[in-house]
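Here are my notes for your review. Please read them with the model open beside you.

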Amino acid sequence: MHGDAVRHDRVKYAFIWPAFIIVLVITIFPLIYALTVSFQSVRLVPPLPPRFVGFDNYVDILSSQRFWGSTWTTATIVFASVAFQYALGFLLALALHHNVRGSSLYRVVFLLPMFIAPVCVALIARMVFHPYLGPVNDAMVGLGFGNLPFLTEPALAIMVLISIETWQWTPFVTLLMLAGLQSMPSEVFEAARVDDIGPWRRFWDLTFPMLLPLSVAVIFIRLIEGFKVIDTVFVLTGGGPGTATETLTLFAYNEGFKKFNLGMTSALSFVFLIVVIVFGTIYLAAARRLMKRYA
Amino acid sequence: MENRSLRTIGLVGCLVWLFFSFFPLYWVFVTAFKPPLAVSQGATYIPFVDFQPTLQAFRDAFSGIRGDFFGPIVASISISVVATALSVFLGAMAAYSLVRFEFRIRLASGLTFGVISIGGFVLLNGAFDIDVPYALLIVLVLALVVSIWMNKYRLPGPVLGNNDVTFWFVSQRMFPPIVSAFALFLLYAEVGRAGFPLLDSFLGMVLAYTAFGLPFAVWLMRDFFSTVPVEVEEAAQVDNIGRMRIFIQIVLPMSLPGLLATSMIVLAFIWNEFLFALLLTSGDWQTLPILLAGQQSSRGDEWWAISVAALIAIIPMVVIAAILGRMMRSGLLSGSIK
């Protein structure tokens, strides 16, 4: 019997190894290579032999205006759009949970945006926000704002990007918050209704605190995912005008594939990783505080 | 009374959002049927009223006079289907072992793995001038063997369990993808220099996307498997049926809805993925998102042609969203998503 147990125990490795090896080879090992490249000066054009430069690449990045600019742009887009996504997504989930009229139709249509390639979304946005030929322009002219240069004026372009992100990812929040709402015990709410507690108090005293852990997780996922944004910006503005809407990923890409400065791009992607870890840690610490206050 | 007014507000809000989320989709759909003049002379809204719909843009696209459409379509379909199948199958295997068995990995041996692989790589590549792919391969095997051997002993320090292994898989998604995409590009280029081209190849893309999809697959399938009753498997075990056969013939069929949902989600992610395709392909194996991103610079304001291309990429996802929407209504996803 003992031998049998060991044999069965061994088989678990056969199950997990293929997945483990693929992730190791495709994700972790390139990282090790890139980490060493980030301490070298490697250029493809003009081709120079790699040279060890220590922390030079990192120092260059931290002292470059463009890096801080793209960090700021990314953070603005991410924080603003995640705030909208959470508020709107939660409200929609509440409405769907209470079965507003036609909610089964909404469920499918509401899901749709998050399954569309961000590249497509950006192309559609280019049409919809076209400064002369788009419908939003028609609406703005109708409201008396005149022709607005949606994609060539930095502040407007960032607003367009925020609304695109909100359009695409609010469904994600709705989906998860709806799942959370549906798994809440109904007895508590029955009791609250019997005690004649109004819907406003019911939400702030019951629903919101009970869903706080889920909310923290959902917002965390969206923040992490949001920081990766490149495709929408790549198609919509290409980072322009100038570098006004350049996000971190786009900056890294431009550095590597337009200037072929490989050492710099590697270093940049690691700095990026650190930025994400720092923001993530701050967020989780703040969230823990908030949860403690409610607990 | 109060409830009533809240309901009305909710309904109005939903309708507003319905319009907001549906309008762009409506727009790309009708634009695909517009003749050029209906685009270039200002926005037109309703077919047959504002303009006469035409299929010209579709004919242009499929006759190939506007560049190769079929290549990227075939590449996208074959890469995403194969990579989805691989990552869901391998992810399901890993998830199954994480649900049914217990893993104990000592942190010390994990750290040893890191130290040996990074230090060994720097040493082999820097000091001994061994080519990058070979150096990585040697280091990988060496570090694995040493850390597995070390894991047998009672080392000091914390022991990591199944949740930590799951977290390790999922945490791959927390990296900004540019980090791993760019690193993978460098590695593929090096492997290509050693005589085995992976850049712009089917194999290279499938490998990259399999690794890309695995974290989702492991995470989602783990929740599905934990709801499968263990008794059937125990009965089969008594009959001395091998674990692998139990897994393939009993467990997988029993969790078919979960497999389907996971495949849909992974497929959607791979189908829409942009950054890896942008870095790792250059011609033959370009996928649809890359073709689309190129459209707007090469086409300018030819919105009818761009809309056709966008629709081709969108339609499979509409099918997936509809299927998942139905599954969600039947409550299948609500349990698993946490």
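This is a predicted model: local features need pLDDT of at least 70, side-chain atom pairs count only at pLDDT 80 or more; totals for chains, interfaces and linings use all residues.

1. Chain A holds 13 helices and 2 strands. Of its 295 residues, 42% are buried.

2. Overall form of chain A. The radius of gyration of chain A is 24 Å, whereas a compact globule of 295 residues would come near 19 Å. Along the principal axes, the C-alpha atoms of chain A fill a box of roughly 80 × 75 × 35 Å. Counting contacts in chain A between residues at least 6 apart in sequence, 69% link residues at least 24 apart.

3. Chain B. Here the secondary structure amounts to 16 helices and 2 strands. The C-alpha trace of chain B spans about 80 × 65 × 45 Å along its principal axes. Buried residues account for 42% of the 338 residues in chain B. For contacts in chain B between residues at least 6 apart in sequence, 75% connect residues at least 24 apart.

4. H4 against H12 in chain B. Two packed helices are described by the angle between their axes and the distance between the axes. For helix H4 (residues 70–100) of chain B and helix H12 (residues 256–272) of chain B, the axes come within 9 Å and cross at roughly 135°. H4(B) and H12(B) are therefore oblique to each other, and their crossing is right-handed. From H4(B), the residues that meet H12(B) include Ser76(B), Ser80(B), Ala83(B) and Thr84(B). Among their counterparts in H12(B) are Leu259(B), Thr262(B), Val266(B) and Trp271(B). The contact of H4(B) with H12(B) has 8 nonpolar, 6 polar and no charged residues.

5. H4 against H9 in chain B. The axes of H4(B) and helix H9 (residues 202–225) of chain B come within 6 Å and cross at roughly 40°. That angle makes H4(B) oblique to H9(B). H4(B) passes H9(B) in a right-handed crossing. Sorted by class, the residues in the contact of H4(B) with H9(B) are 21 nonpolar, 5 polar and 1 charged.

6. Asn125(B). This residue sits in helix H5 (residues 107–127) of chain B. Leaving aside residues up to four places away in sequence, Asn125(B) touches Thr36(A), Ile130(B), Val132(B) and Ala135(B). Asn125(B) and Leu136(B) are 11 residues apart along the chain, and their C-alpha atoms are separated by 8.6 Å.

7. Two residues with positive phi. Most residues other than glycine have a negative phi. Asp200(B) is not a glycine, yet has a positive phi of about 55°. Asp200(B) lies in the loop between helix H8 (177–193) and H9 of chain B, and counts as partly exposed with 16 C-beta neighbours inside 10 Å. Asn240(B), also not a glycine, has a positive phi of about 65°. Asn240(B) is placed in the loop between helix H10 (231–238) and helix H11 (243–254) of chain B. With 7 C-beta neighbours inside 10 Å, Asn240(B) counts as exposed. Please check both residues in the model.

8. Phe55(A). Where is Phe55(A) found? Phe55(A) is in the loop between strand S2 (51–52) and helix H2 (56–62) of chain A. Phe55(A) counts as exposed, since 11 C-beta neighbours lie inside 10 Å and the exposed class takes 12 or fewer. Phe55(A) and Glu165(A) are 110 residues apart in sequence, and their C-alpha atoms are 35 Å apart in space.

Key. Residues are numbered from 1 along each chain as its sequence is written. Chains are lettered from A and ligands numbered from 1 in the order in which they are written. Helices (H or I, at least four residues) and strands (E, at least two) are DSSP runs, numbered from the N terminus. The radius of gyration is taken over C-alpha atoms; the globule rule is 2.2 Å times the number of residues to the power 0.38. A residue is buried if 20 or more other C-beta atoms lie within 10 Å of its own, exposed if 12 or fewer, and partly exposed in between; C-beta atoms are placed from the backbone. Two residues are in contact if their C-beta atoms, placed from the backbone, lie within 7 Å. Axes are lines fitted to C-alpha atoms, for helices over the stretch in contact, and angles run from 0 to 180 degrees between N-to-C directions. Angles under 35 degrees count as roughly parallel, over 145 as roughly antiparallel, 65 to 115 as roughly perpendicular and the rest as oblique. A crossing is left-handed if the near helix is turned anticlockwise from the far one by less than a right angle, and right-handed if clockwise. Ala, Val, Leu, Ile, Met, Phe, Trp, Tyr, Cys and Pro count as nonpolar, Asp, Glu, Lys and Arg as charged, and the others, Gly among them, as polar.
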